[in-house]
Amino acid sequence: MGAGHLVDPNGRLGALRQDPVVIAAIGPRGSAKSSLLNRIFSSGLKEATSRLEQATLGAQLERFYFADSDVALIDVEGFDSSDEKRYKIQGRAMTLTLAVADIVILNCHLHDLFRDVAAVFAPVAAAITELKRLEKEKLVSQRTSKAPLLVLARDFDADEESAEEVLSGIKNEMPADILEEFDVTVSAVRSLYVEPDRHHTDASEIRTKCVSLVQSASANVRSKDVIPRIWSRLCQDENDVPDEGELQAAFTCDTAFQNSWNNLQESISSWTETIEGGAMYNDFGKMCDEYAAASLEKFDEDNSSRTSSAAFKRKRAELVAAMNRSFEDLASRQFRILSETEMQSYASNLESMSSGPNPNMGKDINALSKAAQASFVKKAEALKPRGSRVRYDTYQKELFNNIKTQAKSRLQFAQMTGLYHPPKREPISIGLHYLHPHPFGLDSKSEHLTLNDSVKFDVARASVAEDIGQPLQGPKVRREKQEYEDALKAIEVDSKV
């Protein structure tokens, strides 16, 4: 039906006529958002030719029919642009789009979620805060129900066994503001280049989900008439001039930020070079904490008279985020080096084991494997900077799989050469005890006794019942014993007569 812009690259508002079902697509820059949307919806959004290029500027808009509904697909500019001048335009575009969206798609790479989950979700949470402010001003109507938010974890590489755990973990890491505003679903999208077949299957499943979501949303579409008023209010905020004291605080805090950041980079420059060269520091996490504390102390000291200003809080938070990103990149390299080091140590310990026959080789190798796994986890925890969300799951999984493969190969080789014979597994014996149908003799109710029948109480046979857990002194047993005794007395009387 047509393509254009809801917000053009220069920050000017476009038109959105009538009330279509709006699907808003957001996410970090370079996450291949536009190309995946084209694959799902068969749309014609502009795509980037490389991860360094930013194809979407402002908010691309394309109208088409989908699931028997008039749909407007809005592709919003990535919210971590390399051009700081675009932050304002991108922020306004995302807030406006979320205000009128009926369905939201958040596209991001899995490694970005593991590396810095806050950097992915923080811009969305900030836009939600703006939406709540607009709701208080009656510019945006409150939703009667949560809007669906479909989070797409790109280049998903977890195996089938742990996939559900990873996806639920991503949802658990999301800020409370997002979970309160949206009905969140997290889906995996495999890499187009590593697993092309799985990627197309995932895209097809997402398309099916979108069909269902569009059909549900078409019955309660949000009004688009408020778009000009919302945009005018957002632009008014940007045109508001702060007071003189806040301007001075912003200038001072910007300068202090640069000084603290430059000092930090100078302090860790040699440290960074050795890490990139393959060195590992067992107390890496502690060292990061010390560097961060020194930088923040310097920043606070330079802005001691500005601590109550909004600029101080903003720039201090930016400094913390910048340091975390820098440390987390280094921590990821440390995890890689640790994984390789632990694997080499394990292989060396495996080779140093006795080459002669060893009936306990299986147990010894199992103990060695557990010790190596525990050593990695303990050292990896020491490598994490305090307060950081950097994860080592991928490296842990890779190491554990390699250890398992090495252990299996060593045991198989030992069995082939006759150095190790695994203990025979004794079969489980299930004994079915034969319970004599008449452990206490004949039943006088169903069979007639004669003078030739034995009515002696058979203790040996009765003990079988005890072996299989049957109570010997239950009501039935006592009743039968009494009947036998009565029958015996009756026979004795008859014989005398």
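**Notes on the salt bridges and confidence of this model**

1. Let's start with Arg 333: its relative accessible area is 37%, which puts this residue in the partly exposed class. Keep in mind that we are looking at a predicted model. The partner is Glu 276, and the salt bridge between the two has its closest N and O atoms 2.8 Å apart. Arg 333 sits in helix α11 and Glu 276 in helix α9, so this bridge ties together parts that are 57 residues apart in sequence. On the Glu 276 side, relative accessibility is 52%, and this residue counts as exposed; the cut-off is over 50%.

2. Lys 315 and Asp 254 meet through their side chains in a salt bridge, at 3.2 Å from N to O. Buried or exposed, what is Lys 315? Lys 315 is buried, at a relative accessible area of 10%, since the class takes in values under 20%. Asp 254, at 34% relative accessibility, is partly exposed.

3. Which residue does Glu 398 bridge to? That would be Arg 336, with 3.0 Å between the closest N and O atoms of the salt bridge. Glu 398 is in helix α13 (residues 393–416) and Arg 336 in helix α11, so here the parts tied together are 62 residues apart in sequence. Glu 398 has a relative accessible area of 30% and is partly exposed. Arg 336 comes out as partly exposed too, at 30% relative accessibility.

4. Have a look at the network as well: salt bridges link Glu 130, Arg 133, Glu 137 and Arg 233. For the structure as a whole, the search turns up 15 salt bridges.

5. Now for confidence. The protein chain has a mean pLDDT of 77, with 79% of its residues at 70 or more. Where is confidence highest and where is it lowest? The highest is helix α12 (residues 361–383), at 89, while helix α14 (residues 459–467) is lowest, with a mean of 45. Across residues 459–473 the pLDDT stays below 50, and this stretch makes 18 contacts in the model beyond near neighbours in sequence.

Note on methods. Residues numbered from 1 in each chain as written. Predicted model: local features only at pLDDT ≥ 70, side-chain atom pairs only at ≥ 80, totals over all residues. Heavy atoms only, no water. pLDDT = per-residue confidence, 0-100. Helix = DSSP H or I, 4+ residues; strand = E, 2+ residues; numbered from the N terminus. Contact = heavy atoms within 4.5 Å. Salt bridge = Lys/Arg side-chain N within 4 Å of Asp/Glu carboxyl O. Buried < 20%, exposed > 50% of the residue type's maximum accessible area, 1.4 Å probe, protein only.
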